[in-house]
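Thanks for coming. I will take one structure today, starting with confidence and ending with a single residue.

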Amino acid sequence: MRRGWFLPIAAALGFSFLYAPIISLVIFSFNESKLVTVWSGFSTKWYGELFSDPQLLGAAWLSLQIAALSASIALVLGTLAAVALVRFRRFKGRTLFSGMVSAPLVMPDVITGLALLLLFVAMESTLGWPRGRGMLTIVIAHATFCTAYVCVVVQSRLSDFDRSLEEAAMDLGASPLRTFFDITLPIIAPALVSGWLLGFTLSLDDLVIASFVSGPGSSTLPMVIFSKVKLGVSPDVNALATIIIGIVALGVLAATILQLRSRPKKARA
Amino acid sequence: MTTAHEPTIPPPRRLRPWNAVERRLARVGITGRMLVLVAPVLWLLVFFLVPLLVVFGISLATKQFGRPPYSALLSTEEGTVQLTLHLSNYIRLFTDNLYVAAYLSSIRIAAIATIITLIIGYPMAYAIARSSDRWRNILLMLVILPFFTSFLLRVYALTGFMRGNGVINQFLALFGIEPLVMMQTDFAVYVGIVYTYLPFMILPLYTTLVKLDVSLFEASADLGARPARTFLSVTLPLSMPGIIAGSMLVFIPAIGEFVIPSLLGGPGTLMIGRVLWDEFFTNTNWPRAAAVAMAMLVVVVVPIMLLQRAQSAVVEK
């Protein structure tokens with residue numbers, strides 16, 4: 001069934017298409033010249049510039065806080081939703097529930113952003129909460145779409161694990177809750193880690209939804225980057241991108257190794 | 001692992017108090033199921049379903065100066081509650097050429113980009129599915145890695161690549177080829193969508209392709225089919241759920257895309273996500289933006305349903 005040279009070449013071309021722009025961006029972040037596309041010598045000055053830009057640092061700190069908070073909320077909600085979808089075969093409103101869980105995955109960002117903003121405004125004028133918009137509203141918005149991603153990741157892990165372990169625990173007299181915390185949770189832990197990481201990076205990355213639901217004075221990192229990029233290519237954005245890509249690459253690498261390590265064990269159990 | 005050694009059961013005294021907690025909850029009629037469901041159901045109702053209803057409501061209001069910048073649907077006048085609904089936003093959507101053109105061009109751009117993504121992604125997914133175990137994990141990680149890397153920064157990386165004096169044109173200049181104008185064209189938007197959504201296409205394709213039974217190909221070859229014939233009449237039909245799921249995962253978000261057309265496209269690149277954005281942020285016409293969103297929702301509902309069916313087929317097989 002090998003099609004000789006065609007598949008490898010197609011795959012190689014595809015992967016270079018995926019990586020060439022990122023690699024060139026990383027290379028040019030070390031460029032001395034302000035012209036990002038003409039190489040004029042190695043320099044790390046753009047990194048220095050980055051760390052002396054208070055607006056950028058403030059936005060980065062805000063984004064990290066939002067990402068950690070919303071990933072954590074989404075972790076809890078997404079795991080609960082996944083447990084419900086995998087373990088409760090039938091319950092009232094299951095179709096609506098599974099639709100609500102997975103729809104945010106594909107919902108265009110502009111719709112989600114606008115819808116949440118209009119909700120927050122309507123809530124503020126009728127209930128008096130949330131007061132204005134800022135970090136809180138961004139966290140709520142991000143937690144909502146991250147829940148969908150966490151749920152997908154945890155769902156796939158829950159549906160391919162050995163139920164007999166849980167049954168054994170229950171037979172030995174453990175309550176469902178105790179079984180969940182002592183048996184289920186340790187087994188799905190790698191999925192929880194990658195679900196949280198996924199939520200964290202998606203939140204860190206979101207421009208459109210945050211632009212709708214943020215208020216004055218709460219610009220996230222993508223919002224600051226977007227306004228810089230709109231003005232043209234700038235080398236300090238290259239430097240920032242390199243740092244973010246580096247951190248993410250390390251994180252994904254670590255998560256992948258974790259998951260691969262836990263897999264052979266599962267096969268034996 | 002867990003099965004290897006004796007299960008260690010701590011004496012009941014040291015049991016975590018879960019059993020007692022559960023018994024007490026059961027006495028007041030609260031079951032474990034309800035506890036699991038209550039938080040995600042409430043959250044999604046309040047922050048996903050209700051907002052969509054609010055959008056629908058506000059799409060029936062009109063723009064107004066003040067806070068909030070739209071007219072109230074319900075008003076009390078002389079003791080009677082009045083409900084005022086305006087259809088003007090929707091009428092405008094169908095009569096103003098800008099909106100119709102933006103919808104059509106969004107669908108066209110998203111569809112063409114989806115087909116290109118499929119053509120590039122299919123051989124990649126196939127190659128990964130047919131590679132050895134060790135390579136497969138590495139290649140899969142290489143597909144997933146960009147997915148974790150900032151979307152905004154990847155679009156930005158493309159601008160550096162396609163600019164007038166960008167990497168591609170510098171490369172072409174080595175061969176004495178005139179620089180190409182790529183930025184601020186529809187072409188750049190296609191490249192942007194294909195580039196950023198390629199992993200979404202490859203992953204479901206890979207999931208269906210890797211599960212295909214190799215003996216089917218052997219049988220087909222034994223019966224005298226050429227590789228191309230085997231591909232068209234065995235592989236392609238069997239991978240249909242993956243093709244549909246992958247295509248919808250690209251097509252649906254591409255329709256409402258804002259970042260790609262605004263960074264890579266030109267002023268003539270009309271996409272509905274951008275129109276909604278401008279309506280909201282530039283014109284501050286919230287009711288009109290809400291109507292645009294509702295109409296966009298109608299456009300994506302059928303693809304979303306297709307996706308749900310295809311996804312369950314991808315998972316079940």
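Predicted model: local features only at pLDDT ≥ 70, side-chain atom pairs only at ≥ 80, totals over all residues.

Residues are numbered from 1 along each chain as its sequence is written, and chains are lettered from A and ligands numbered from 1 in the order in which they are written. For the complex, the predictor gives an ipTM of 0.86 and a pTM of 0.85.

Now the build of chain B. Chain B has 14 helices and 2 strands; helices (H or I, at least four residues) and strands (E, at least two) are DSSP runs, numbered from the N terminus. The radius of gyration of chain B, taken over C-alpha atoms, is 27 Å, well over the 20 Å of the globule rule for 317 residues, so chain B is more spread out than a compact globule. That rule is 2.2 Å times the number of residues to the power 0.38. Along its principal axes, the C-alpha trace of chain B spans about 85 × 80 × 40 Å.

Next, the contact between the chains. Two residues are in contact if their C-beta atoms, placed from the backbone, lie within 7 Å. Chain A contributes 71 residues and chain B 83 residues. On the side of chain A that touches chain B, α1(A) gives the most, with 12 residues. That side has 56 nonpolar, 9 polar and 6 charged residues. Here Ala, Val, Leu, Ile, Met, Phe, Trp, Tyr, Cys and Pro count as nonpolar, Asp, Glu, Lys and Arg as charged, and the others, Gly among them, as polar.

One contact set is that of A293(B): leaving aside neighbours within four places in sequence, A293(B) is in contact with V110(A), I111(A), L114(A), V55(B) and L276(B).

Last, E22(B). Is this residue buried, exposed or partly exposed? E22(B) counts as partly exposed because it has 18 C-beta neighbours inside 10 Å; 20 or more would be buried and 12 or fewer exposed, with C-beta atoms placed from the backbone. E22(B) lies in helix α1 of chain B, residues 18–27. Beyond four places in sequence, E22(B) is in contact with S175(A), L177(A) and G32(B).
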